[in-house]
Amino acid sequence: MSSESSPFKYFLSGGFGGVCTVVVGHPFDTIKVRLQTMPRPTNGQLPLYTGTWDCAVKTVKREGFKGFYKGMAAPIAGVAPIFAISFFGFGVGKRLQQSKENETLTKPQLFYAGAFSGIFTTVIMAPGERIKCLLQVQQDSSGPKKYSGPRDVVRKLYKEGGIRSIYKGTVATLLRDVPASGMYFMTYEWVQELLKPEGSTEFGMLRTIFAGGMAGVCNWGVGIPADVLKSRLQTAPEGAYPGGLRDVFRQLIREEGVTALYKGCTPVMIRAFPANAACFIGFEFAMKFLNWLAPSL
């Protein structure tokens, strides 16, 4: 990423990169959420899904390929501003730590700038994740579907518990996104630096694909335990966890052990590389276009 670009350009380019991310990554996200939230089998029963491939096959059989894109309207509506704000926050975080223009930041400083961006996105991310997860998991329940779409989810959540219900899981989202975003941006800049030929300032497609993909993998390596807790809290019936996130954590550890914190890890990691490679390709192309269109902005 160019250190010369303004936070406003980060905002616009990040939004375009976010749309690229959702288009590539949403099917894997659907599998991840369904694995994370499937009910525990009772004695003698097989689990609803035995793994990533089984979940994918059953989704196609029951719903067709469109089943992978359940709940995508919410992230599509929110992803452009979410990624725009995330990249904007990163740009601001970098500027705040630079004592002079175009100063190169250290790796810890890049991490702090990325973590700063995670705070920015939670206001939009938390309700969007709640809506998405509820739509993704309702296919696994028997009986009629409770929600007909994103607007119906918002309407019914507000009726049941007001704005607090819509924002359920906000703390878990923060616990996931602050450290994960720090790792995300730091990794991207670090890998780009490692692979960039000496003296080169040109955009490299393969370099960006690899750096973006590795950024996604490292992001989720840090963020998935909090994501599991968030998914369970956000899809649970009202009142299921009166103590909030702490109750989710205690029950999960007591009943399933520490390894349950990494449920859904396989589809997450399969998705992480291509989705985030697509994000940074979209970001870099948009940034290059904006620098050409408005070099002084």
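**Helix packing, salt bridges and cores**

Q: At what angle do α4 and α7 pack?
A: Two packed helices are described by the angle between their axes and the distance between the axes. Helices here are DSSP runs (H or I, at least four residues; strands are E, at least two), numbered from the N terminus. Axes are lines fitted to C-alpha atoms, for helices over the stretch in contact, with angles running from 0 to 180 degrees between N-to-C directions. The axes of α4 and α7 lie 9 Å apart, and their packing angle is about 70°.

Q: Is α4 roughly parallel or roughly perpendicular to α7?
A: Angles under 35 degrees count as roughly parallel, over 145 as roughly antiparallel, 65 to 115 as roughly perpendicular and the rest as oblique. The angle is about 70°, so α4 is, relative to α7, roughly perpendicular.

Q: What kind of model is this?
A: Residues are numbered from 1 along each chain as its sequence is written, and side-chain values use heavy atoms, with hydrogens and water left out. Local features need pLDDT of at least 70, side-chain atom pairs count only at pLDDT 80 or more, and totals for chains, interfaces and linings use all residues, since the model is predicted.

Q: Which residues of α7 make the contact with α4?
A: Contact means heavy atoms within 4.5 Å. From α4 come A126, E129, R130, C133, L134 and V137. From α7 come D227, K230, S231, Q234 and T235.

Q: How many residues of the contact of α4 with α7 are charged?
A: Ala, Val, Leu, Ile, Met, Phe, Trp, Tyr, Cys and Pro count as nonpolar, Asp, Glu, Lys and Arg as charged, and the others, Gly among them, as polar. By that division four residues of the contact are nonpolar and three are polar, while the number charged is four.

Q: Which residue forms a salt bridge with E129?
A: Side chains of opposite charge can pair when their charged atoms come close. A salt bridge is a side-chain nitrogen of Lys or Arg within 4 Å of a carboxyl oxygen of Asp or Glu. The pair links helix α4 to helix α7 across 101 residues. With closest N and O atoms 2.8 Å apart, the partner of E129 is K230.

Q: Is K230 buried or exposed?
A: Buried means under 20% relative accessible area, exposed over 50%, partly exposed in between (1.4 Å probe, protein chains only). E129 has 10% and is buried. K230 has 0%, and therefore counts as buried.

Q: How far apart are the closest N and O atoms of K58 and D54?
A: Both residues lie in helix α2 (residues 52-63), four residues apart, about one turn of the helix. K58 is partly exposed, at 24% relative accessibility. In the salt bridge of K58 with D54, the closest N and O atoms are separated by 3.1 Å.

Q: Which residues have the most contacts inside the largest nonpolar core?
A: A nonpolar core is a set of buried Ala, Val, Leu, Ile, Met, Phe, Trp, Tyr and Cys residues joined through side-chain atoms within 4.5 Å. The largest one has 22 residues. Elements giving it two or more residues are α1 (7-37), α3 (73-97), α4 (107-137), α6 (170-195), α7 (205-235) and α9 (265-293). Those with the most contacts inside the core are Y10, F83, F87, F90, Y184 and F280.

Q: Which residues does N219 touch, not counting residues up to four places away in sequence?
A: N219 lies in helix α7. N219 is buried, at 13% relative accessible area. Beyond four places in sequence, N219 touches A180, S181, M183 and Y184.
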